[in-house]
Amino acid sequence: MQKTFIKYTFYIITAAVSIILFINFLFNVHWLESKQFDTFYAKTEQMIHTLENNQAELMLVRENLDEDYLTRARAAAYVLENQHEISVDTEELQYLAALLNVDELHIIDKNGIIVSGSVSKYVGIDMADHDQTRPFLDLIGRGEEGAYLIQEARPNAAEGKVMQYVGVARKGQDGVVQVGFTPTRQLAAQSRNTYDYIFSKFPTDIGEELFVVDTSTGDILGHSGGLDREFDADCYRLSLLLDCAKGSYQKGLNGKTMYVVSREYNDVLLCAALPLSILYQKLWGNVFTAFIYLLFIEVVIMFLLNYLVKKKVINGIHGILENLRAITDGNLDTKVTVGGNREFEELSGGINAMVKSIVSLSDRISSIIEISGIPLAAFEYERGINHVFVTSGLSKLLNLTEEKAAELYQDSTLFDQYIRTVTKNPVKGEEDIYEISSGKYVHIYLSESSDGYLGIITDVTKDTLQKKQLYYENTHDPLTGLYTFDYFKELSAEVLSKAGSSKVSAVVMLDLDHFKSINDTFGHDAGDRYLQGFANAMMTMPEEHFLCARRSGDEFCMLIFHCGSRDDIIRYLNNFYLTLQENEVALSHTHSTAISVSGGFALADTNGDSITELLSHADEALYEVKKTTRGTYKEYVGSVIL
């Protein structure tokens, strides 16, 4: 039976390929000719546009330069009229020519003789002896003020060098002042208006030819491949080219057939030609593409035939396999509903019963956990399976929205990334405890096996917050909120051990002035406010450079660290004392005062002084301040207090 299907499939495909390829061939012949015509027409349009632009540019260049050259010629005449001594000195005329930015400067007398000039070898030339110079004689003796002549660029009489000359009649005497220029810009603009130049700027396809034919003589005026070649083929004959306005096939060199398109512009024909063999290369490419599509059709047809024969078996098996794959990926709500025969129906029912049993087991575990009242949840996911098996309380423990939880449970990869992100930063000093959100902590136990991962999550917020509160109470002064002295020394030792040699640190000891009298006069509540006000001032200092603590009673200490120099230490201390002066403390309803404090500091050197030694040195400096000038600070340097 399989051989029969193959045979009929072959007959069907053969017939389809033959018909479609024939139709495709006819269509593509017409389409390629039309497309090539459009391409050639666009190129001739660009050629026309380029010719018109170049012509306009040439005219603009000539007009601008003529006006500029005339202005310079008149300027030269004006200078010579007012400074007669220049006209007889060649070097002075060369200097004047350089100032006016002209290449040549000549003075012609009333007899038409060059009597002086910037080019000494031209002196003595008779302007009447040559067609190039003779027109300037008309300016002599005309008596017309401002008379001038602007001559087109041409070879000059003296050397045959291409120059452009401008002459103006002299005032007050017969003669002409003539200036000459090398017509660089005009020649460049003219060169861009030639067919050779235009063809050099137009890219041509392989085998493509662009050429121009004179409509009156039939001569080839320009060719994209140059003019040093034969032009005796039919595709270059004017009589035949006139019939190629809509595209036509003509004989080319070596008997090649060319597809030719011509377009008439002014007194020329703009033509483009392409060998038929190259044009048909594109045709075969299109035919090959059609053949590829036909191969695809063959596959489709074979699939349809096999589908009609085997759908009762193949479709049923595929349906069961797809459902099993979905169940394996974790979609346990998938129902296998493949019918068609009794065996498939029995198999579908058995699979559905098995899946229902698995789901029921998971639900029973979730119910048991809920009944126990323990804030606990579990999850499991296996390699290669998308779905994550979770108990009902997991989203609540992790503070997940229903949408976010559904997204994570359906993609084990996303869930794994989420869990690993959560467990990346455990709570400091704790093992496997993580902060899920502000004030909520969970313990996550993650077990990895060869099949996948199993995790258990419990809520430990209450215990963690109690530990944090105890830790805070052990490390902070209850009245001021500053660090305790012991914790301050521990933190300071750690900071100093990690400080680089390029950073400067200092330990500061502080003692409130007249604190006992404040307690005695205003009471202990006022004294507490005084202490708290001082602590608040300390807390305003930048955390990245300050550690602050209460040592005991009215004694305080600070570590100023990670500074660039000693001057930074002094600046921070001055800012601190300024803060104390600007913020008074209310001691009673009628009396407020600024906080006065004496201080001493010791710089941490590179010898590795311990925090205890630095505190002792700072204490010595503080003692010296208390003996002499209260309300300020001093530095300990060796045995000297500065």
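Among the contacts in the chain with a separation of 6 or more, 55% are made by residues 24 or more positions apart. The model is a predicted one, and its chain contains 16 helices and 25 strands. Of the 642 residues, 38% count as buried. The accessible surface of the chain comes to about 36200 Å², and 54% of that surface belongs to carbon and sulfur atoms.

One group of strands may be considered next. Five strands form an open sheet in the order S8-S7-S11-S10-S9, with antiparallel pairing. Strand S8 (220-223) and strand S9 (248-251) stand at the edges; each has a single partner strand, so one side of each is left without a neighbour in the sheet. From one strand to the next, the twist averages 35°. Val212 has Gly222 in S8 as its bridge partner.

Side chains of opposite charge can pair when their charged atoms come close. The structure holds 19 salt bridges, and one of them joins the side chains of Glu45 and Arg263, with 2.5 Å from N to O. Because Glu45 lies in helix H1 (residues 2-82) and Arg263 in strand S10 (residues 257-265), the pair ties together parts that are 218 residues apart in sequence. Glu45 counts as partly exposed, at 37% relative accessibility, whereas Arg263 is buried, with a relative accessible area of 18%.

A second salt bridge joins Asp477 and Arg550, whose closest N and O atoms are 3.3 Å apart. Asp477 is in the loop between helix H11 (461-475) and strand S17 (483-484), while Arg550 is in strand S19 (residues 546-552), so that the pair links distant parts of the chain, 73 residues apart. Both Asp477 and Arg550 are buried.

Lys498 and Glu494 also form a salt bridge, with their closest N and O atoms 3.2 Å apart. These two residues are 4 residues apart in helix H12 (residues 485-498) and are therefore separated by about one helical turn. Lys498 counts as exposed, at 62% relative accessibility, and Glu494 is partly exposed, at 38%. Elsewhere, Asp511, Asp513, Lys626 and Arg630 are linked in a network of salt bridges.

The buried residues of H14 include Tyr530, Leu531, Phe534 and Met538.

Terms used
Residues are numbered from 1 along each chain as its sequence is written. This is a predicted model: local features need pLDDT of at least 70, side-chain atom pairs count only at pLDDT 80 or more; totals for chains, interfaces and linings use all residues. Side-chain values use heavy atoms; hydrogens and water are left out. Buried means under 20% relative accessible area, exposed over 50%, partly exposed in between (1.4 Å probe, protein chains only). Contact means heavy atoms within 4.5 Å. Accessible areas come from the Shrake-Rupley method with a 1.4 Å probe; for residues, only the protein chains shown count as cover. Two strands pair if DSSP finds at least two bridges between them. Axes are lines fitted to C-alpha atoms, for helices over the stretch in contact, and angles run from 0 to 180 degrees between N-to-C directions. A salt bridge is a side-chain nitrogen of Lys or Arg within 4 Å of a carboxyl oxygen of Asp or Glu.
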